[in-house]
Amino acid sequence: MNEIKLVKKAKKGDDTAFEELICLYKDQLYRTAYLYVQNKEDALDVVQETAYKAYLSLGQLKNSNYFKTWLIRILIHNANELLRAKKKVVKFEEISKYETNEGPTNQTNQMVQNIDLKTAIQQLDERYQTVVILYYYHDLAVHQIAWYMHIPEGTVKTYLHRARKSLKKLLEGSDQTWINSSLKMK
Amino acid sequence: MDKQQFKDEINDIEVPQLDVCTAIKKGIVKAQKEKPIKRKTKLLAIPLIASTLLIGFFSSGFIFPQMSRVLADVPLIGKIYSSFDDSIGENLAASKLVTELNQKAISNGVGVTVNSVYYDGGRISVTFKVDHFNARSNEFMFDIGNIGDGSDKWMNAAQFDGVVTSDGDHIGQIIIDYPDKEFPKDMTLPITLKAINETKGEWRFDIPIHQLPNHKVNVGQASTSDDKEHALNFETITVGRESAVLDYKAIYPLTGKDDMARIDKVIDDQGNEISVLSSGTEFSRKKIGNRIESDERTIIGKIPNHAKFIKVYPYIRQSEKSLPPIKVNLNR
């Protein structure tokens, strides 16, 4: 069944359709949450809270086409709420644990590389994190991000530009070539 | 390709499938406990009430041809705004407070007709329809050559969207949060479009705009952080029909030059949340003595007509500080 039909059924009170709908995006939800909170337990809490709030406020979703964007918005809000509540800051030094405690196996190197990008995203300002995640991971166009964040399109472009600059600086020396390639604006 | 590389990196995050499904189920069960029956009964109740009202209305004999035409017009404009998820526009259209226009410009074989405008509180919306054009998608992009006096502040204050409706109409919307501190009551807004998707051209309009009646209240209250370093001095609130504008002066310490004051949450006197449409529009940021002062603005959604006051929750980004909430009396 396609997404729009599921949204319509869920809005009519079909809980199975609602669960199916959320599960369609469970990987993206979890990974996005993880990018913000940086650990499994908190990421699962954010997903749980997102399902809870989405269920309660589904009636407010006017355009069924925007379900995914609407859901991601709830998720990012929850992740930021959790971070604020915990006043949690992941320090760069934590990465060094992986580098010093383990031998230079391929698996460890792979892990360090992944942590680099994820941690670098986490180091960004909240606004830059959100535009980077929405643009690069969720494939939203600049105008959709602008609409979603309630900021002008020009500002989204500026944030993306600054975010790329910051990531480049944070990942200096790494082989994250995507940062150096030109940013194609939709 | 750059996006794909990014995604590949993020997709390396292992998803604990079972745990995620359990978390989703737990969230739903928790919500069901709070709202077990309401969702279905609410949906049933609305058509019942609506049809009862309609039966009463149509059987009352207060129908004449002009009224029928008015009733027919409202959904058409309202539909444009619902396509953009713009509840302000939808509600203004329902109250017949959106100005209908018919300004047409043709360039490169493509016609653009500006068909509606509203100016409520600090927010301006202009919608248009594109003819003789096929986006071959359910959305399209457009580029603006000029808005207002052509300065960056207008472009930065604008957001755009273009959608293709289920009827195949190509409609666009430009929303502008008025970029100056003082609002003019009436103005002519020049807008030039320079491209629609790949089609380049020049579609030029001078759009007459009239601000809907509003109610301005001098607030004169401040919210200061515990360490006294940050403060928001609330100056005025301009209550429009479907939105409201909060103007305030944000005070930052010199060490917090990158800080940004934001309004995180607004609730009415019943505890209902009012949406924050845009927060942190800056008009000027100046160093004065040992602090930075900045004139800023937040636009919020509709304040219910019955509300006597609202409660505003400021938050300082970068320094990550919540400031004490401020109760703003609306003097109604």
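Predicted model: local features only at pLDDT ≥ 70, side-chain atom pairs only at ≥ 80, totals over all residues.
Let me begin in chain A, where helix α4 (residues 40-57) and helix α5 (residues 67-86) pack with their axes 9 Å apart and at an angle of about 130°. That angle makes α4(A) oblique to α5(A), given that angles under 35 degrees count as roughly parallel, over 145 as roughly antiparallel, 65 to 115 as roughly perpendicular and the rest as oblique. The axes here are lines fitted to C-alpha atoms, for helices over the stretch in contact, and angles run from 0 to 180 degrees between N-to-C directions. Helices (H or I, at least four residues) and strands (E, at least two) are DSSP runs, numbered from the N terminus.

Residues are numbered from 1 along each chain as its sequence is written, and chains are lettered from A and ligands numbered from 1 in the order in which they are written.

Returning to the helix pair, the crossing of α4(A) and α5(A) is right-handed, where right-handed means that the near helix is turned clockwise from the far one by less than a right angle, and left-handed that it is turned anticlockwise. Among the residues that make the contact are A:V46 and A:A54 of α4(A), and A:L71 and A:L82 of α5(A); two residues are in contact if their C-beta atoms, placed from the backbone, lie within 7 Å. By class, this contact of α4(A) with α5(A) has 7 nonpolar, 2 polar and 4 charged residues, with Ala, Val, Leu, Ile, Met, Phe, Trp, Tyr, Cys and Pro counted as nonpolar, Asp, Glu, Lys and Arg as charged, and the others, Gly among them, as polar.

Now to chain B, where 5 strands form an open, antiparallel sheet in the order β1-β2-β3-β6-β5; two strands pair if DSSP finds at least two bridges between them. At the edges stand β1 (99-107) and β5 (158-164) of chain B, each with a single partner strand, so one side of each is left without a neighbour in the sheet. From one strand to the next, the twist averages 20°. The partner of β5(B) is strand β6 (residues 170-177), joined in the antiparallel sense over 7 bridges, and B:Q159 has B:I175 as its bridge partner in β6(B). Helix α5 (residues 87-94) of chain B lies across β2 (110-120) and β3 (123-131), running at about 85° to β2(B).

Is strand β11 of chain B enclosed or open? With 8 of its 10 residues buried, β11(B) is largely enclosed by the rest of the structure; a residue is buried if 20 or more other C-beta atoms lie within 10 Å of its own, exposed if 12 or fewer, and partly exposed in between. It runs antiparallel to strand β10 (residues 231-239), with 8 bridges joining them, and a hairpin connects the two through 4 residues. With strand β15 (residues 291-300), β11(B) pairs in the antiparallel sense over 10 bridges, and there B:K249 stands opposite B:D295.

In β11(B), which covers residues 244-253, lies B:P253, and this residue counts as partly exposed because it has 16 C-beta neighbours inside 10 Å. Leaving aside neighbours within four places in sequence, B:P253 is in contact with B:E229 and B:R291.
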